[in-house]
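Please keep the structure in view while reading.

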Amino acid sequence: MNRRIALTTLVVADYDEAIAWYTGKLGFALLEDIDQGSKRWVVVGPTDGSAAALLLARASNEEQRSRIGNQTGGRVGFFLNTDDFWRDHATMSAAGVEFLETPREESYATVAVFRDLYGNTWDLLEPKQ
């Protein structure tokens, strides 16, 4: 059996501002944007769609709006692996991405925590081989 997690839902306030941030600041590709009437099916990801991606889901009620920016209770909830940490750190910093710490060398990776436009925390990681 060949299975993989394809999408993770990220609750957002606005489709277009989220698309702009993830494509402009992180360099993700807009993989799908399909109007479904009352909502849109919006998928962004760092690749051509062969790896896991994010389904951007606009909050549709107060309970969902209350989760924007804190979907994991303050823990790092998203992990962006790279093959060149320093290249991506510099590019993201120049684009205005807010890093919450100085990059550090861990036994498993070079890593730094950053915040997305809503406040969700991410790790930028270059795993050690």
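How many nonpolar, polar and charged residues does the lining of the largest pocket have, by class? In this predicted model, that lining has eleven nonpolar and four polar residues, and it has no charged residues.

**Largest pocket**
- The volume of the largest pocket is about 270 Å³, and 15 residues line it, with Pro46, Ala52, Ala53, Phe79 and Trp122 lying nearest its centre.
- Strand 4 (53-58) and strand 5 (78-81) each contribute at least two residues to the lining of the largest pocket, and strand 5 provides the largest share, four residues.

**Second largest pocket**
- The second largest pocket holds about 190 Å³ of space, and among the 13 residues that line it, Leu26, Leu80, Thr82, Arg87 and Asp88 are the closest to its centre.
- Two or more residues of this lining come from each of strand 5 and helix 3 (85-94), with helix 3 giving the most, four residues.
- By class, the lining of the second largest pocket has five nonpolar, four polar and four charged residues, whereas the lining of the largest pocket has no charged residues.

**Annotated span**
- UniProt, in an unreviewed entry, lists residues 4-127 as "domain: VOC".
- Within the model, the end C-alpha atoms of residues 4-127 lie 20 Å apart, and the span is 19% helix and 38% strand.

Note on methods
Residues are numbered from 1 along each chain as its sequence is written. This is a predicted model: local features need pLDDT of at least 70, side-chain atom pairs count only at pLDDT 80 or more; totals for chains, interfaces and linings use all residues. Side-chain values use heavy atoms; hydrogens and water are left out. UniProt positions are given in the numbering used here, feature names are shortened, and annotations may be inferred rather than shown by experiment. On a 1 Å grid over the protein atoms alone, a cavity is a set of points where a 1.4 Å probe fits but cannot get out, and a pocket is an open set with protein on both sides within 12 Å along at least five of seven lines; lining residues have an atom within 4 Å of a point. Grid points are joined across faces, edges and corners, and a volume is the space filled by probe spheres set on the points. Ala, Val, Leu, Ile, Met, Phe, Trp, Tyr, Cys and Pro count as nonpolar, Asp, Glu, Lys and Arg as charged, and the others, Gly among them, as polar.
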